[in-house]
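Biologist: I am new to this structure and would like to learn how to read it. Could we go through it slowly, beginning with a single residue?

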Amino acid sequence: MLDVLAQVNATGEELISFGEAISAGFAYGLAAIGPGLGIGYLVGQSVQAMARQPEAAGLVRTTMFLGIAFTEALALIGFVVFILLKFA
């Protein structure tokens, strides 16, 4: 990696801009991991609950979709932070 950076003929400001872009992308990647794990766990537990009590499947499904919406909001917040870091 240092060899590649040594070959780049860039000024200090360009390297700082490059570092900011890499950091913003890395931050969004980390922000997307949490909601991904949360949605996977939520759906898995909901399917398990529906299998145990099929008569409550409608209520569990509604609650599952609400949980998915709230969890997905975390990913959207991460995306907004990414945009703010990239363009602010």
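**Reading one residue and its surroundings**

Modeller: Leaving aside neighbours within four places in sequence, Thr71 is in contact with Pro35, Gly38 and Ile39, and please keep in mind as we go that this is a predicted model.

Biologist: In which helix is Thr71 found, and is this residue buried or exposed?

Modeller: Thr71 is found in helix α3. With a relative accessible area of 16%, Thr71 is buried, because buried means under 20%.

Biologist: How many helices and strands are there in the protein, and what pattern does the protein follow along the sequence?

Modeller: The protein has three helices and zero strands, and reading along the sequence gives the pattern α-α-α.

Biologist: How are two packed helices described?

Modeller: In general, one gives the angle between the axes of the two helices, together with the distance between those axes. Here, helix α2, which covers residues 12–52, and helix α3, which covers residues 57–87, have axes that come within 9 Å and cross at roughly 180°. Angles over 145 degrees count as roughly antiparallel, and therefore α2 is roughly antiparallel to α3. The residues of the contact of α2 with α3 divide into 20 nonpolar, six polar and three charged.

Biologist: Turning to the whole protein, what percentage of the 88 residues is buried, and how much accessible surface is there?

Modeller: Buried residues make up 14% of the 88 residues, while the accessible surface comes to about 6700 Å², with 71% of that surface belonging to carbon and sulfur atoms.

Definitions and conventions. Residues are numbered from 1 along each chain as its sequence is written. This is a predicted model: local features need pLDDT of at least 70, side-chain atom pairs count only at pLDDT 80 or more; totals for chains, interfaces and linings use all residues. Side-chain values use heavy atoms; hydrogens and water are left out. Helices (H or I, at least four residues) and strands (E, at least two) are DSSP runs, numbered from the N terminus. Buried means under 20% relative accessible area, exposed over 50%, partly exposed in between (1.4 Å probe, protein chains only). Accessible areas come from the Shrake-Rupley method with a 1.4 Å probe; for residues, only the protein chains shown count as cover. Axes are lines fitted to C-alpha atoms, for helices over the stretch in contact, and angles run from 0 to 180 degrees between N-to-C directions. Angles under 35 degrees count as roughly parallel, over 145 as roughly antiparallel, 65 to 115 as roughly perpendicular and the rest as oblique. Ala, Val, Leu, Ile, Met, Phe, Trp, Tyr, Cys and Pro count as nonpolar, Asp, Glu, Lys and Arg as charged, and the others, Gly among them, as polar. Contact means heavy atoms within 4.5 Å.
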